[in-house]
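Here are my notes on the model, as a colleague would pass them on. Please read them with the structure open.

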Amino acid sequence: MENKTLNQKTLTILGPLLLLTGIAGFVIPEQYSLMSGAAPYNLFHIIFGALGLLLAMAGNDLLASGFNLGFGLIDLYQVLASAVGLAPIQYFHWTYVDDVVHVLLGFALALIGGYGLWKWKESHA
């Protein structure tokens, strides 16, 4: 892992984490979970976790940076959607813990991904 960039390392951790989050959402009964256990929300995590893993295995920093930035922005949108009642609130059933995680992870991923894209652009100018 020492030859990987920050974005590749981040995605190598994020991909499996998303997969496990989605699987746990199906396994843990909703009344015992701190986070949403809605099936569409779980599927969202599983699909993006699998995609993240595939991109991490590709070893391409541009793809990893793009995924991290994009997923970070999606996380931040989910906080906004949860706060003001935008789609897909009717399917995802976010909790306060989801919102906190999305703010922290969203900002971190957006910064890491944006930094990676900026570095890539600078090295290819």
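This is a predicted model: local features need pLDDT of at least 70, side-chain atom pairs count only at pLDDT 80 or more; totals for chains, interfaces and linings use all residues.

1. Helix α1. It covers residues 6-27, 22 residues in total. From first C-alpha to last it reaches 32 Å, close to the 32 Å expected at 1.5 Å a residue.

2. Buried here are N7, Q8, T10, L11, L14, G15, L18, L19, G22 and G25. Seen down the axis of α1, these buried residues fall within an arc of 155 degrees, so they line one face of the helix. The face turned away from the buried side carries I13, L20 and V27, which are exposed.

3. What covers α1. The cover over its buried residues includes α2 (39-58), α3 (61-84) and α5 (96-123).

4. α1 against α5. The two helices pack at an angle of about 145 degrees. Their axes are 9 Å apart. The crossing is left-handed. From α1, the residues L6, N7, T10 and L14 take part; they meet L105, L109, I112, G113 and G116 of α5. By class, the residues of this contact are five nonpolar, four polar and no charged.

5. Q78. This residue sits in helix α3. Is Q78 buried or exposed? Its relative accessibility is 3%, so Q78 counts as buried, the cut-off being under 20%. Which residues does Q78 touch, leaving aside neighbours within four places in sequence? They are Y41, F44, F92, W94 and H102.

6. G59. Look for G59 in the loop between α2 and α3. With a relative accessible area of 40%, G59 is partly exposed. G59 and G72 are 13 residues apart in sequence, and their C-alpha atoms are 20 Å apart in space.

7. Backbone geometry. Two places deserve a look. Most residues other than glycine have a negative phi, and most peptide bonds are trans. A87 and P88 are joined by a cis peptide bond, with omega about 5 degrees. P88 belongs to the loop between α3 and α4 (89-92). H93 is not a glycine, yet has a positive phi of about 50 degrees. H93 is in the loop between α4 and α5. Its relative accessible area is 42%, so H93 is partly exposed.

Note on methods. Residues are numbered from 1 along each chain as its sequence is written. Side-chain values use heavy atoms; hydrogens and water are left out. Helices (H or I, at least four residues) and strands (E, at least two) are DSSP runs, numbered from the N terminus. The expected span of a helix is 1.5 Å times one less than its number of residues. Buried means under 20% relative accessible area, exposed over 50%, partly exposed in between (1.4 Å probe, protein chains only). The arc is that of the directions from the helix axis to the C-beta atoms. Contact means heavy atoms within 4.5 Å. Axes are lines fitted to C-alpha atoms, for helices over the stretch in contact, and angles run from 0 to 180 degrees between N-to-C directions. A crossing is left-handed if the near helix is turned anticlockwise from the far one by less than a right angle, and right-handed if clockwise. Ala, Val, Leu, Ile, Met, Phe, Trp, Tyr, Cys and Pro count as nonpolar, Asp, Glu, Lys and Arg as charged, and the others, Gly among them, as polar.
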